[in-house]
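The following report examines the side-chain contacts of one protein model. The sequence and structure are shown first.

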Amino acid sequence: MKIWARLVSDDKIKKDTLYSSPLKLSKDNYELWLRDICHILDVPNPVLLDHHFKNFVNFHNTKFRQDDFVETLDYDIFIVEDCKED
């Protein structure tokens, strides 16, 4: 699984990373990947709710806004997107 994560402010990508994992998609793995990605990008972890995971499964992306974080996020939005492997 490859995931492209990006931090966006004023409609511009400020930071991004391409994360790779050999693990299959599951809610537990998604939470693990999200923690790793946040560590790489040096941002706080968002609160992961069921609808976040469902959006990732159904639409291949999740958007986290400031309300999804306990701590202050210095960006407008945090987007996590599945990069389909062929």
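A residue is called buried under 20% relative accessible area, exposed over 50%, and partly exposed in between (1.4 Å probe, protein chains only). The model is predicted: local features need pLDDT of at least 70 and side-chain atom pairs count only at pLDDT 80 or more, whereas totals for chains, interfaces and linings use all residues. Residues are numbered from 1 along each chain as its sequence is written, and side-chain values use heavy atoms, with hydrogens and water left out.

**Salt bridges**

A salt bridge requires a side-chain nitrogen of Lys or Arg within 4 Å of a carboxyl oxygen of Asp or Glu; by this rule the count is two.

| Salt bridge | N to O distance |
|---|---|
| Glu 81 – Arg 6 | 2.9 Å |
| Asp 50 – Lys 27 | 2.2 Å |

Helices (H or I, at least four residues) and strands (E, at least two) are DSSP runs, numbered from the N terminus. Glu 81 lies in strand β4 and Arg 6 in strand β1, so their pair ties together parts 75 residues apart in sequence. Glu 81 is partly exposed at 25% relative accessibility, whereas Arg 6 is buried at 11%. Asp 50 in helix α2 and Lys 27 in helix α1 are 23 residues apart, and their pair links distant parts of the chain. Asp 50 is partly exposed, with a relative accessible area of 46%, and Lys 27 is partly exposed at 32%.

**Nonpolar core**

A nonpolar core is a set of buried Ala, Val, Leu, Ile, Met, Phe, Trp, Tyr and Cys residues joined through side-chain atoms within 4.5 Å. The largest one has 20 residues, of which Tyr 30, Phe 64, Phe 78 and Val 80 touch the most other members. At least two residues of this core come from each of β1 (2-9), α1 (27-41), α2 (50-59) and β4 (77-83); α1 supplies the largest share, six residues.

**Aromatic contacts**

Rings of Phe, Tyr and Trp (its six-membered ring) pair if their centres lie within 6.5 Å; planes under 30 degrees apart count as stacked, over 60 as edge-to-face and the rest as tilted. In one of them, Phe 69 and Phe 78 are tilted, at 6.4 Å centre to centre and 50° between the planes. Phe 69 is buried, with a relative accessible area of 7%, and Phe 78 is buried, with 0%. Tyr 30, Phe 53 and Phe 56 form one aromatic cluster.

**Chain ends**

Lys 84 lies in the segment after β4 and is exposed, with a relative accessible area of 56%. The C-alpha atoms of Lys 84 and Met 1 are separated by 7.6 Å, although these residues are 83 residues apart along the chain.
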